[in-house]
Amino acid sequence: MSRRVFPALDLRAGRVDLSHGAGGRAMAQLIGQLFHPAFDNEWLRRGNDQAAFDVDGGRMVMTTDGYVISPLFFPGGDIGSLAVHGTINDIAMAGASPRYLSASFILEEGFPLAELERIVRSMGEAARAAGTVVVTGDTKVVERGKADGVFICTTGIGVVPQGIEISVERVRPGDQIILSGSLGDHGVAVMSRRHDLQFETDIVSDSAPLHELVRDIVAAGGPAVHAMRDPTRGGLAATLNEIAQQAGAGMRIREAAIPVKPAVAAACELLGLDPLCVANEGKLVAFVARAAAAGVLGAMRAHPLGQDAAIIGEVVADAQRFVQMTTDFGGERMVDWLAGEQLPRIC
Amino acid sequence: MKHTLEYRDGRIARQLAARIAAETAGDGAGYRFMEFCGGHTHAISRYGLEDLLPPSVRLIHGPGCPVCVLPVARIDTAIRLVERSGITLCTYGDLMRVPGSRGVSLLRAKAGGADVRMIYSALDAIATARAEPQRQVVLFAIGFETTTPPTALAVRLAAELGLKNFTVFCNHVLTPAAIQNILESPDLREFGRVRLDGFIGPAHVSTVIGSEPYTFFAEEFAKPVVIAGFEPLDVLQAVLMLIRQVNDGRHEVENQYGRAVRLEGNEGAKRDVAQVFELRKTFEWRGLGQVPYSALRLKERYGEFDAERRFALSDAPAREVPGCQCGAVLRGVKTPLDCRLFGTACTPETPMGSCMVSPEGACSAYWTYKRFRASPPRETAA
């Protein structure tokens with residue numbers, strides 16, 4: 001279709017209006033001039049309502065996630081890059097390599113097109129950097145006040161090579177718990193920019209795609225890598241409790257072994273938060289058979305996203321499935337799920 | 001942060017623990033100290049301090065948790081108020097989850113359409129009142145002496161700005177009155193159900209009121225008081241100081257928290273409070289019942305900012321959840337593990353009583369940090 005029919009979008013001062021979601025020319029214009037250039041690939045270029053692609057040998061992995069983070073832009077990322085990283089990481093935790101993504105946008109009437117373009121470009125860059133493509137998408141617009149700027153839903157598909165079985169039911173007593181790096185960076189970075197909380201900090205979100213780190217972990221540990229998970233909402237505390245419940249075992253961890261940046265610790269102190277409960281978007285926790293733990297730890301530390309990796313504890317037999325921690329101070333305490341909501345809309 | 005970490009040094013903790021073990025070696029009767037404040041309860045649980053104390057030293061949790069001691073009737077009154085049209089209630093987060101007598105919390109009322117807003121400071125409520133002049137904005141003010149000065153400042157600011165749509169639902173309470181009530185309680189004096197050998201005195205409260213108000217108890221009731229900071233080493237050192245007082249037969253007010261607490265407290269804050277507030281003749285505390293001269297209300301001069309006056313509020317008789325032992329836990333007569341609801345019907349997700357709501361509450365601290373000590377197992381291991 002020619003430029004004459006679809007004049008250029010005003011990406012400097014224009015705003016989303018209801019016609020951008022109505023299925024008519026305005027929507028085609030938004031897709032053609034804003035989304036396609038950012039995500040450009042052969043599947044999108046075909047212009048179908050779906051993407052057909054081949055997958056090579058192995059099992060397919062599929063995941064989906066909605067992103068409603070506030071604010072949309074935060075130190076170290078934005079809702080666009082987060083929507084790519086979060087979904088890639090959910091795929092990667094199965095030991096899979098991520099391949100294809102879909103992106104569904106729910107836009108609020110009045111949202112500035114310049115900000116939308118920034119978000120979509122950031123999303124396209126994040127996808128390309130991770131070797132994935134956004135092959136299909138959708139756009140809806142809701143009236144002013146019915147959403148908060150932009151919500152994004154991404155679905156991802158990846159492939160696990162034959163012979164790799166990484167799943168929580170393989171976790172057993174004796175497994176070493178390896179954390180890939182420092183806790184709480186994402187949550188603190190986002191909180192520092194909230195209207196009601198603003199404070200000065202140099203901390204940036206750890207939002208990053210973890211599939212390459214996972215590839216190195218699997219290469220080093222093979223079948224000894226029993227399970228992996230990324231401690232996002234609810235932080236490490238929620239992740240360990242989830243896995244303890246699902247695996248039917250307890251966990252013993254050591255506070256002194258858990259890396260937390262001083263600035264994150266200070267912000268948590270100020271806000272009355274526990275770094276163990278604060279969200280991460282670029283960390284993983286791996287459960288590895290004892291004999292292979294040192295090798296996996298070495299492989300993690302050799303990767304830039306795992307250079308602060310540490311063995312923080314181990315899985316123990318415990319019918320009550322408690323997560324317990326030896327404090328820095330020398331006492332024992334539970335590490336519990338967070339009750340209620342520490343901070344809404346962190347991802 | 002560096003100065004905070006200094007008070008969490010595990011090496012010094014072990015040295016202090018060794019000294020405590022050595023100095024308690026000979027005493028058959030043991031030592032029973034009440035930490036008044038929820039802040040101390042939280043630190044003790046979070047850092048696993050009891051693992052560092054010999055079995056002869058027992059810490060008993062006191063009522064110093066503002067959310068915990070607020071009676072159900074006040075929650076009910078707040079809910080009835082915010083269900084009126086045109087009212088916006090600004091409240092601190094914890095308070096939203098405390099169940100009222102019909103099991104309805106402010107959080108439930110909010111989900112049902114009431115305009116309840118979570119704030120971080122009293123000044124947020126002023127900002128709301130200024131931004132939305134068409135709404136009557138009520139600040140749900142609670143807390144001990146530490147949170148009273150900010151409320152006083154908010155009231156004075158509202159007066160200066162001439163705000164006609166800002167009021168305070170005042171629930172500020174006083175620490176010394178509560179300590180005296182515990183010391184005079186039948187549990188202690190007549191029944192001997194609770195034996196207390198001394199108090200770990202409040203940290204933040206004492207920065208405002210100073211250490212002087214405690215001298216009365218120390219003398220009158222012959223109980224040592226050691227004011228302590230909220231860091232784990234502060235608590236351990238205070239325990240050692242209390243043990244030494246007991247061993248020496250002394251009952252003095254000592255100040256472990258000298259880096260922040262002075263004899264006379266914070267004169268400026270005390271002046272601000274005195275300007276705006278006056279004593280209530282009596283006020284109900286959950287667990288303690290009516291405690292004379294234990295709470296504050298706005299002075300006549302600031303009466304137009306008093307929500308109880310402006311909206312003619314009065315508390316209706318309220319009902320505690322049957323079986324809830326918050327009252328006994330707050331008096332130190334029972335521990336959370338003595339409550340049948342603990343960990344079954346009552347958890348932080350489904351609190352039946354206030355002590356499970358606030359992180360400073362004894363039940364919440366037990367559940368969050370200490371329930372692995374419970375025996376037999378209380379969590380279903382399905």
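**View 1. The contact between chain A and chain B.** The contact draws on 21 residues of chain A and 26 residues of chain B. Two residues are in contact if their C-beta atoms, placed from the backbone, lie within 7 Å. On the side of chain A that touches chain B, α8 (262–271) and β13 (332–334) of chain A each supply at least two residues. The largest share, four residues, comes from α8(A). By type, this side of chain A has eight nonpolar, six polar and seven charged residues. Ala, Val, Leu, Ile, Met, Phe, Trp, Tyr, Cys and Pro count as nonpolar, Asp, Glu, Lys and Arg as charged, and the others, Gly among them, as polar. Helices (H or I, at least four residues) and strands (E, at least two) are DSSP runs, numbered from the N terminus.

This is a predicted model: local features need pLDDT of at least 70, side-chain atom pairs count only at pLDDT 80 or more, and totals for chains, interfaces and linings use all residues. Residues are numbered from 1 along each chain as its sequence is written, while chains are lettered from A and ligands numbered from 1 in the order in which they are written.

**View 2. The largest nonpolar core.** This core has 225 residues. A nonpolar core is a set of buried Ala, Val, Leu, Ile, Met, Phe, Trp, Tyr and Cys residues joined through C-beta atoms within 7 Å. A residue is buried if 20 or more other C-beta atoms lie within 10 Å of its own, exposed if 12 or fewer, and partly exposed in between. Among the residues with the most contacts inside the core are Val150(A), Ile178(A), Phe140(B) and Val239(B). Helix α13 (residues 232–248) of chain B gives the largest share, nine residues. Beyond its neighbours within four places in sequence, Val239(B) is in contact with Ile20(B), Phe33(B), Leu53(B) and Val57(B).

**View 3. A mixed sheet in chain A.** Four strands form an open sheet in the order β1-β6-β4-β5 (chain A), with mixed pairing. Two strands pair if DSSP finds at least two bridges between them. At the edges are β1 (59–67) and β5 (133–142) of chain A, each pairing on one side only. Strands β4 (residues 97–108) and β6 (residues 150–160) of chain A run antiparallel, joined by 10 bridges. Pro98(A) has Gly158(A) as its bridge partner in β6(A). Helix α4 (residues 113–129) of chain A packs on the sheet and touches β4, β5 and β6 of chain A; its direction makes about 175° with that of β4(A). Axes are lines fitted to C-alpha atoms, for helices over the stretch in contact, and angles run from 0 to 180 degrees between N-to-C directions.

**View 4. Strand β11 of chain A and its partners.** Strand β11 (residues 310–316) of chain A is mostly covered, with five of its seven residues buried. Strand β7 (residues 176–179) of chain A runs antiparallel to β11(A), joined by four bridges. Gln176(A) has Glu314(A) as its bridge partner in β11(A). Strand β9 (residues 250–254) of chain A also runs antiparallel to β11(A), again with four bridges. Here Gly250(A) stands opposite Val316(A).

**View 5. A parallel sheet in chain B.** Four strands make an open sheet in the order β4-β3-β5-β6 (chain B), with parallel pairing. Strands β4 (115–118) and β6 (166–172) of chain B are the edges. Seven bridges pair β5 (residues 136–143) of chain B with β6(B). Phe140(B) stands opposite Phe169(B) in β6(B). Helix α8 (residues 148–161) of chain B packs on the sheet, touching β5 and β6 of chain B.
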